[in-house]
Amino acid sequence: MIPLYYHIINMSELKVEHWDSERDGPLNDENMTKKVEAQGYSCVKYTFPAGTASADHSHDVPRKDAILAGQFKFAIPGKEEVILQPGDILDIPVGLVHNESVFGNDAVTFIDATKL
C-alpha cells in the first residue's frame, strides 16, 4: 500500500470521489456499476495485468475510471498524477491529455465508464 500523502497530492485538476460503504454498500462490481450508471454512464469492466500502461491520449466524451481492485496510476503529463485505490472514482474531462498504468505488482480491475 502506498502512503496516503502520495494519494492526495496535486489534485487541483483531478476530481476523485471515494467510496462510502455506509452510503454505497459494500464495494463490489454490482454496487460500483449501479453507482456509476446512476450518474448517466455506460460501464465496461476491465482487468489489466501488472505492467500495463497506456500512451498519452484524450477522449471526446466525459469518462470515469472506477477502481475495484489494485492500484492505477493516472497522470497528466508534466502536471499531476494520482494513484487510484479500490473505491476511487476519477472524473476524466473531455480533451484532457493523460496516461494510465497499473501501479505495483497486482492486476487492476476497474469500471471504464463513458457518459451516455
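Begin by selecting β5, β4 and β7, which in that order form an open sheet of 3 strands with antiparallel pairing; strands here are DSSP runs of E with at least two residues, helices are runs of H or I with at least four, and both are numbered from the N terminus, while two strands pair if DSSP finds at least two bridges between them. The edge strands are β5 and β7 (99–102), each of which pairs on one side only. From one strand to the next the twist averages 15°, where axes are lines fitted to C-alpha atoms, for helices over the stretch in contact, and angles run from 0 to 180 degrees between N-to-C directions.

The model is predicted, so local features need pLDDT of at least 70 and side-chain atom pairs count only at pLDDT 80 or more, whereas totals for chains, interfaces and linings use all residues. Residues are numbered from 1 along each chain as its sequence is written, and side-chain values use heavy atoms, with hydrogens and water left out.

Stay with the sheet and select Lys73, which stands opposite Ile83 in β5 and opposite Ser101 in β7. The antiparallel pairing of β4 and β5 runs over 5 bridges, and that of β4 and β7 over 4 bridges. Follow the hairpin of β4 and β5, which has 3 residues between the strands, to Gly78, where phi is positive and near 75°. Colouring β5 by accessibility shows a mostly covered strand, with 4 of its 5 residues buried; buried means under 20% relative accessible area, exposed over 50%, and partly exposed in between (1.4 Å probe, protein chains only).

Next, display the side chains of Leu14, Phe72, Phe74, Leu84 and Leu90, which have the most contacts inside the largest nonpolar core, a group of 14 residues. Such a core is a set of buried Ala, Val, Leu, Ile, Met, Phe, Trp, Tyr and Cys residues joined through side-chain atoms within 4.5 Å. At least two of its residues come from each of β4 (72–76), β5 (80–84), β6 (88–92) and β8 (108–115), and the largest share, 3 residues, comes from β4. A second, separate core has 9 residues, including Tyr41, Ala66, Ile111 and Ala113.

Centre the view on Phe72, whose contacts (heavy atoms within 4.5 Å) beyond its neighbours within four places in sequence include Phe48, Asp65, Ile67, Leu84, Val102 and Phe110.

Asp65 is buried, with a relative accessible area of 1%, and, not counting residues up to four places away in sequence, touches Phe72, Phe74, Leu90 and Asp112, among others. Asp65 and Asp91 lie 26 residues apart in sequence, and their C-alpha atoms are 7.0 Å apart in space.

Now select Lys64, which lies in strand β3 (residues 63–69) and counts as buried because its relative accessibility is 6%. A polar contact of 2.9 Å joins the side chains of Lys64 and Gln39; the term covers a pair of N or O atoms within 3.5 Å, and within protein one must be able to donate a hydrogen and the other to accept it, with residues adjacent in sequence counting only if both atoms are side-chain atoms. Among the residues that Lys64 touches, not counting those up to four places away in sequence, are Tyr41, Asp91, Ile111 and Ala113.

Finally, zoom out to the protein chain, which has 3 helices and 8 strands. Of its 116 residues, 41% count as buried.
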